[in-house]
Amino acid sequence: MSVSAKTLDQNEYFYGHKACAGCGGSLAVRNALKVLGKNAVAVLPAGCMSAVGFNFPQLCFANNAIISTFAGTASMLTGIEAGFRRRGIKDFTAVGFAGDGGTADIGIQALSGAIDRNDNIIYICYDNEAYMNTGIQKSGLTPFGAKTTTTPAGQNIHGNIRPKKNMFEIVAAHDIPYAATATVGYINDFLNKIEKASKIQGTKYIHVIAPCPTGWGIPVSDTIDAAREIVDCGLWYLAEYENHEFKISRDPKNFTSVEEYLRKQARFKHLTDEDIKIITESRDKKWEFIRSHWN
Amino acid sequence: MIRPTVREKKTFGFADVPEDTSYEAGYLVTVNSGWRSIRPVVNTETCIGCMQCYLYCPDGVISIQDGKAVIDYDFCKGCGICSKLCKPHAIQMESER
Amino acid sequence: MAEKFLSGDEAFAEGIRLACPDVISAYPITPQTIVVEKLSEMVEDGSLDAEFIHVESEHSALSCAMGASAAGVRAFTATSSQGLLYMAECLYYASGGRFPIVMMNANRSTALPWNIYGDQRDSLSQLDSGWIQAYAENAQESLDLALMSYYIAEHKSVSTPFMVNLDGFILTHTYEQVDVPAPEQAKKFLPPYETENKLDLDNPKNMAFSAGPDTNYIFKYKEHAAMLRAIPVIEEAEQKFAEIFGRKYTGLLDQYKTEDADYILITLGSIAGLCREIADSLRQNGIRVGVVRIRYMRPFPTEALAEAVQNAKALAVLEKDISFGNEGTVFTNICSALQGKNITAPVYDFIGGLGGRNISHQDIIAIFEKIQSGTANRVNFIGIEEGENT
């Protein structure tokens, strides 16, 4: 059964937090918890969502939730899942919410270990494409060309010189039972992937694009627009990995303009036409691969 | 409805601070209403209760009651996502003062 | 009860089997490895009903144990040296979260230069991490501490993680006759773990949160107070232990012929046995010497130490540790504890055994000679000649 606004749990499990207005990450956490319900046990490492949600005595999770070390989202999930099982509790979901840095950089070792053990957990990476909590520094998931406070855009270097690490396929390469990509812009797709993950035994990974208006340099009201356009222009794709196979969830017939997507964001303002050409070409190459190799 | 709520007790002295870093879930002591410079206002005439605003609100402050969007102004930060997504244009952003 | 011929590591694993942890997460590192090997064998043969989790690092080992503890179950991990340092972040996290995890640490030198042999720089560098720290002398005490550590750590008034240290190789790999208690006896000693400090579906919690300047200090103070409350609990645990198993322990420190001693050597760990032998031989020559073995570095035996050495003419500290640019950490702790206690005897520091270098019979005799003749320096390096140490 698919999840929709009507069937979604009306309870609000992440509420009263101090995330910036228009925060994509908080939308991802909020909605994922609405799918998983009150028996979700959430682990959040150091990062935006823990910083905005857990300042004693302002505690913004209605369900069980705990902050892990920055590197320890997956390993703490492992311990919690094992502990609950030892207590004979069956009806719960151990779910992690880590940012892009917490996932692709400092937390990748523990994530890899958890997938290797096939621990029964859901790991959600809310990807806002930089270390936003510390003030917009480059992470392994910062895209090519993005200006951050550690990849300044100047005459010599135009922001980040490296493409985004491909976490979805890195995770899939472990032959994980289920992995998916999503965006907060198409929330129903995200909700249904969470729902699907919650029914699968073993490790599940969902990588959700969650724009940060502060870091991306867009108006706070435009989070959802940006989160849709990144998919519409083909720079992000919605896909699943299941039963050892990749499957594309949405294959746009025509892409919207990459340039238009980039030019709306202050972090890409400096890009030259040549830079945009590189980005567009790399998009095309990726899609060529996807269309010829994935279902 | 399960949801974190603002509690009476807001200050924690020596005796109130727990031994361990473990406390009742969903314990709030402050609201976020002061963050807003603009506020969403729902026109109940044109609101069709489509729930898009509810689905996409990062703060979860919108609920649908009797088929209409209702906003919890204690926690709305005034981002304007709801207004932007509202197809029938039933949510307008208005200046706080 | 059964007599077995066991190494320190094996004895510790036997103790852990008796303590019945729910979750074991550990990563191999020499000279700790035997503990995790033994425990995985016990899980395999069904004699230990626990989740054995093969983690990918020491950081994950302790992070996983913290998750298990936060889920309300008993957790165990073990490490050594670089591994302890790699998980250092989690040490502070576990104590701040008041997760009563037990960890065995095989004391080993820290790189660089690389070295797998025993000294105590690894654990002594983590004295401030908020863990109870005990140092075992032999395999029997190792096994007994494995059981007692859970009793103390999980005690409602303490709720603090516990690190049991075994000297690398000298203790971890040396075989001794060990009395292994029967499981029924162990059950009589160690109650099941119960806590409110856990994630709970019926009573949901937000845990391991941030606390600003107004309350952070209070949390830290309470952490300190709880560690001090471990002192009477250690006594209580040892009393109960003696009643059930017939073996007696002596709290934060162990004294040997200190009552009338003019010269007292203070040390920790497995070297204490040799020190006592030498004390006996020196006493045959009419020199009244005694030995204090510190069993707990945290909580520190401030009061007990002052009482033990109050009549001595001079004190020597023998430690396998150095805090570069200062002196031995054990020495610093001792000097601080004796402040204001009306003790006028000079205290000398003897640093040796770094990187597993042998501390000989003769080295220890020389320590007593030097403090007796007053020719010792404030800080002395065993085996480094005068003139070399400039």
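## A tour of chains A, B and C

Strands pair here if DSSP finds at least two bridges between them. Helices (H or I, at least four residues) and strands (E, at least two) are DSSP runs, numbered from the N terminus. Select Asn55(A). Its bridge partner in β10(C) is Ser210(C).

Before moving on, note that the model is predicted: local features need pLDDT of at least 70, side-chain atom pairs count only at pLDDT 80 or more, and totals for chains, interfaces and linings use all residues. Residues are numbered from 1 along each chain as its sequence is written, while chains are lettered from A and ligands numbered from 1 in the order in which they are written.

**Stop 1: chain C against chain A.** Here 37 residues of chain C are in contact with 35 residues of chain A. Contact means that C-beta atoms, placed from the backbone, lie within 7 Å. On the chain C side, select β2 (23-26), β3 (51-54), α3 (58-70), α5 (88-96), β9 (205-207) and β10 (210-211); each gives two or more residues. The largest share, nine residues, comes from α3(C). By class, this side has 19 nonpolar, twelve polar and six charged residues. Nonpolar covers Ala, Val, Leu, Ile, Met, Phe, Trp, Tyr, Cys and Pro; charged covers Asp, Glu, Lys and Arg; the others, Gly among them, are polar.

**Stop 2: helix α5(C).** Select Cys90(C), Leu91(C), Tyr93(C), Ala94(C) and Ser95(C), its buried residues. Buried means that 20 or more other C-beta atoms lie within 10 Å of the residue's own; exposed means 12 or fewer, and partly exposed lies in between, with C-beta atoms placed from the backbone. Their cover includes α3 and α9 (213-245) of chain C. Just after the helix, Arg98(C) takes a positive phi of about 60°.

**Stop 3: the largest nonpolar core.** A nonpolar core is a set of buried Ala, Val, Leu, Ile, Met, Phe, Trp, Tyr and Cys residues joined through C-beta atoms within 7 Å. This one has 250 residues, and Ile124(A), Val208(A) and Ile152(C) touch the most other members. Its largest share, ten residues, comes from helix α7 (residues 139-154) of chain C. Domain 1 (2-245) and domain 2 (253-381) of chain C both give residues, so the core lies between them. Those bounds come from an automatic or database domain assignment.

**Last stop: chain B against chain A.** This contact takes 29 residues from chain B and 31 residues from chain A. Select β3 (27-28), α1 (52-56) and α2 (81-85) of chain B; each supplies at least two residues.

Methods
Two residues are in contact if their C-beta atoms, placed from the backbone, lie within 7 Å.
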